[in-house]
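Keep the sequence and the 3D view open as you read.

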Amino acid sequence: MSLTIFHGGTVAAPPGKGNARATALAVRNGVITAVGEDALALLGEADETVDLAGGYLSPSFADGHAHPLYGGLEDLGPQIRSCRSVEEIAASVREWADAHPDADWIIGASYDATIAPGGMFDAEWLDAAVADRPVMLRAWDYHTVWVNTAALKAAGIDRDTPEPALGRIVRRPDGSPLGTLLEPGAIDLVAKVAPGFTLQQHVDALAAATERYAAAGVTWVQDAWVELDDLPAYEAAAAGGRLAARLNLAFRADPAGWQHQPEAFDAARGRVRVLDSPLLTANTVKFFIDGIIESHTACMLAPYADAPGESGLPNWEREDLHNALAAFDALGFQLHLHAIGDGAVRMALDGLEEVRRRNGARDRRPVIAHLQVIDPADIPRFAELGVVANFEPLWACSDDIMQLLTIPRLGSPRAELQYPIATLAAAGVTISFGSDWPVTGHHPVPGLATAVTRQTPDHLPEGGWLPNERVDVETALTAYTAGVAHQAFAEKSWGRLLPGMSADMVLLAEDPAEIPAERIAGVEVLGTWLAGRPTFQHETVH
Ligand SMILES: [Zn+2]
């Protein structure tokens, strides 16, 4: 029975106004056994002590929506994430091509779609860097790819290619493809002829991704898009001890052929249960209701301000969606729905209402993720249906994407309805935060700062963007901890520092509630523990 006492700093209070912070915490065999004076009283019998060095011990962070496999795989290709121009991307692609002469394809991610007007990238710009092999680059949103002419040829896309269902091929005036493909229906034309990664590359990517999460204080991640073909990599990573964080998998429901999936997903979930890993579950099914506003594929209740007559691209027929949601729910799967536009949010809520009508009431905790625009009339339905509202707080600021690509599409006053975090919190809805990494950075601390300030990393605008939707530090921290624990049906296991809970904890250098909001983004993670075991320790902590 190993006993560790953490002391010499501040220990987070349980969520709730007026609860006091403590100064010590005791962990026995991975489980919290005492907090405060009760923990200090055990100092004499401790096997080990950890000096918190004046820092703030918090429940560890959890990420309610992310793509760790894709994030980990980005490390394998050309590094284009920080590129600020088409020339820089081309140079990085050429450099990688020169270093990998045997690679048949060049596959990379993720580029900043704001650096070309309207997010429209030309195949010829990539041809100038690499013309002899196909190149496929994903944009930050993961709903868009940019390819060179060799990739278009390999996929057989030309001016005669019909528009795919559930996607768009951006074309030149003469109908030939430009080189930008929108949404899975179009992206898959290229992706299905590109070579896949090996099992070992997938396992290494999951190991690297979860280590990166551990260094950011994260111990649980909702993997929000898993194809059955990818499952062996997760199983191998869990069985081989390569995971540094807990993962819950969401299998993607396919609007073009979901009917055979309930049985297959049930079998896959069974395989994961047999593995009996404390770090891997597969309890969730993911639905993409729509796309994104920036490429006019988010489903809006009214037409786009800059594209009259167009109101987006729902991925599901209403009746089909209801049948699919009800079928997965009947098997006990949790439903996790991507909804960006106000039309998609309404479709999601209507669908969940229909599931309850058909399958009866139960504690199902459906998640609607992203929630960029919500019609005010739909706000009360979240609490009524027990929906977990998952936001990616890093998106809730007025950055270049927002100003150049988003606001012009939405127009006023609709652009002022975005990311109503405080409104939903005030309506009694459980808020969970996530990153959507690699769409945006995986680290929760900058997200925490953005939720509190609604400012860009340069602290703009003064007072915050749509400042009524700012939340206080406690609400934001709860959304990254207990809020995600509720989403994960794990509120009795982790997400709070109370006796009986798993010692899933992060040590922050400072208490974010005790410093000016402008400094929160810089708070360092000094250590991370999962069930009492350190998964990350900063070099300054011993
Ligand atoms: Zn996502």
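Before we look at any helix, a word on how elements are named: helices (H or I, at least four residues) and strands (E, at least two) are DSSP runs, numbered from the N terminus. The expected span of a helix is 1.5 Å times one less than its number of residues. Residues are numbered from 1 along each chain, as its sequence is written. Please bear in mind that this is a predicted model, in which local features need pLDDT of at least 70 and side-chain atom pairs count only at pLDDT 80 or more, while totals for chains, interfaces and linings use all residues.

Let's begin with the overall picture. The protein's secondary structure comes to 17 helices and 21 strands. Its radius of gyration, taken over C-alpha atoms, is 23 Å, close to the 24 Å that the globule rule (2.2 Å times the number of residues to the power 0.38) gives for 542 residues, so the protein is as compact as a globular protein of that length. Along the principal axes, the C-alpha atoms fill a box of roughly 80 × 55 × 50 Å. The domain assignment, with bounds from an automatic or database source, gives domain 1 (3–60 + 502–537), domain 2 (77–191) and domain 3 (199–487). Between domain 1 and domain 2, the C-alpha centres lie 46 Å apart.

Now for the inside. We call a residue buried if 20 or more other C-beta atoms lie within 10 Å of its own, exposed if 12 or fewer, and partly exposed in between, with C-beta atoms placed from the backbone. Buried residues make up 52% of the 542 residues in the protein. Two residues are in contact if their C-beta atoms, placed from the backbone, lie within 7 Å. Of the contacts with a separation of 6 or more, 73% come from residues 24 or more positions apart.

In soluble globular proteins, nonpolar side chains tend to be buried together. A nonpolar core here is a set of buried Ala, Val, Leu, Ile, Met, Phe, Trp, Tyr and Cys residues joined through C-beta atoms within 7 Å. The largest one has 174 residues, and Leu25, Val147, Ala245, Ile289, Ala348, Ile368 and Ala389 are those with the most contacts inside it. Helix α11 (residues 342–359) gives the most to this core, with 7 residues. To see one of these residues at work in the packing list, pick Ile368: leaving aside neighbours within four places in sequence, its contacts are Leu337, Ala339, Val345, Ala348, Val387, Ala389 and Asn390.

Helix α9 (residues 261–275) has 15 residues, which at 1.5 Å a residue should span 21 Å, and its end C-alpha atoms are 21 Å apart, in agreement. Phe265, Arg269 and Val272 are buried in α9. Seen down the axis, the buried residues of α9 fall within an arc of 60° (the arc of the directions from the helix axis to the C-beta atoms), so they line one face of the helix. They pack against β13 (246–252) and β14 (280–288). The face turned away carries the exposed residues Glu263, Ala264, Ala267, Gly270 and Val274.

Helix α3 (residues 86–99) tells a story of its own. Its buried residues are Ile89, Ala90, Ser92, Val93 and Trp96. These fall within an arc of 165° seen down the axis of α3, so they line one face of the helix. Covering them are elements including β7, α4 (123–127) and β8 (135–139). On the face of α3 turned away from the buried side sit the exposed residues Asp98 and Ala99.

Finally, the backbone. Most residues other than glycine have a negative phi, and most peptide bonds are trans. Which peptide bond is cis, with omega near -5°? That bond runs from Ala109 to Ser110, and Ser110 has its place in strand β7 (residues 106–111). Another cis bond joins Trp437 and Pro438, with omega about 5°; Pro438 is found in the loop between β18 (431–433) and α15 (444–453). As for phi, His459 has a positive value of about 65° although it is not a glycine, and this residue is found in the loop between α15 and α16 (473–480).
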